[in-house]
Amino acid sequence: MGGNAWASPKSDAFNRLLALNPGLSATELKRSMIDAAAATGLTYDQAVTTALGEAESHLSVSSANGVIASSGGGSCTTVNIQPATWKGDIYYTASSTYGISHGHVGIYSEKDYLTEARGSGQNSGEWYYYGRKYCKNIEIMTTPYSTATQTSAADYASAYLVNKPYNSNFAWNKGGNIDTLNCSELVYKAYKRSVNIDLDGDGGLGVYPNDIKNDSETTIYRTISA
């Protein structure tokens, strides 16, 4: 059952996990691991180890794919994003937070409007697509669900997931409230809370942009490279 033996924040695994969640304090991370353990039935040590393994796997995947730019574009070659084919579609692009590469996702709250959590120090919001630039090779994807289902997720995002401060915690971002959000958390909770669709491809404690991109229920139908 969820543990009573709390690992020290000075443990190697904890410190490594903290380093992979830049912007998060040790106290915040410890509290989230306690919450994750209670919610999943893991011990605290198991929660930390599980979260670390997932974080490192996503860091490895993103780095291998050349995901090295900042959320706002950074040093990458940027391109203009395009409208989606369907409301509720999702986009993925290269990105990092404080140099930690993990990609970026957002949801089309309308075919020509984007709802996303942009990054540290910025509130989530909804923006018209025109003139918004991201790292090249933006991947646009959809789900196999009905237009009504995708519309419900999109409407939830624009109604409830905007004007939220950024959440630096990717290790345990599937539980808890929606007072703060990171990019993959916003997309995940738009679908999960509105229509109970889980787009976390690996089923871990945290949902990362690659989890949504690689989920069996998302399909890339367009890549914007120029």
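**Sheet, helices and aromatic pairs**

Good morning. Strands, written E and at least two residues in length, and helices, written H or I and at least four residues in length, are DSSP runs numbered from the N terminus.

A word on the source. Residues are numbered from 1 along each chain as its sequence is written, and side-chain values use heavy atoms, with hydrogens and water left out. The model is predicted: local features need a pLDDT of at least 70 and side-chain atom pairs count only at pLDDT 80 or more, while totals for chains, interfaces and linings use all residues.

Let us turn to the sheet. Strand β5, residues 104-110, pairs with strand β6, residues 113-116, in the antiparallel sense over 3 bridges; two strands pair if DSSP finds at least two bridges between them. They belong to an open sheet of 6 strands, ordered β7-β6-β5-β2-β9-β10, with antiparallel pairing. At the edges stand β7 (125-128) and β10, each with a single partner strand, so one side of each has no neighbour in the sheet. From one strand to the next, the twist averages 30°.

Which strands does α4 lie across? Helix α4 lies across β5, β6, β7 and β9 (138-142), and runs at about 105° to β5. Helix α5 lies across β2, β5 and β6, at about 45° to β5. Contact here means heavy atoms within 4.5 Å. Axes are lines fitted to C-alpha atoms, for helices over the stretch in contact, and angles run from 0 to 180 degrees between N-to-C directions.

Next, the aromatic rings. Rings of Phe, Tyr and Trp (its six-membered ring) pair if their centres lie within 6.5 Å; planes under 30 degrees apart are stacked, over 60 edge-to-face, and the rest tilted. By this rule there are 8 aromatic pairs. One of them is edge-to-face: Trp86 and Tyr221, 5.6 Å centre to centre, with 75° between the planes. Trp86 lies in the loop between β1 (78-80) and β2 (90-93), and Tyr221 in strand β10 (residues 219-224), 135 residues apart. Trp86 counts as partly exposed because its relative accessibility is 40%.

Phe170 and Tyr208 form a stacked pair, 5.6 Å centre to centre with 25° between the planes. Phe170 is in the loop between α4 (147-160) and α5 (183-195) and Tyr208 in the loop between α5 and α6 (209-213), so the pair ties together parts 38 residues apart in sequence. Are these two residues buried or exposed? Both Phe170 and Tyr208 are buried. Buried means under 20% relative accessible area, exposed over 50%, and partly exposed in between (1.4 Å probe, protein chains only).
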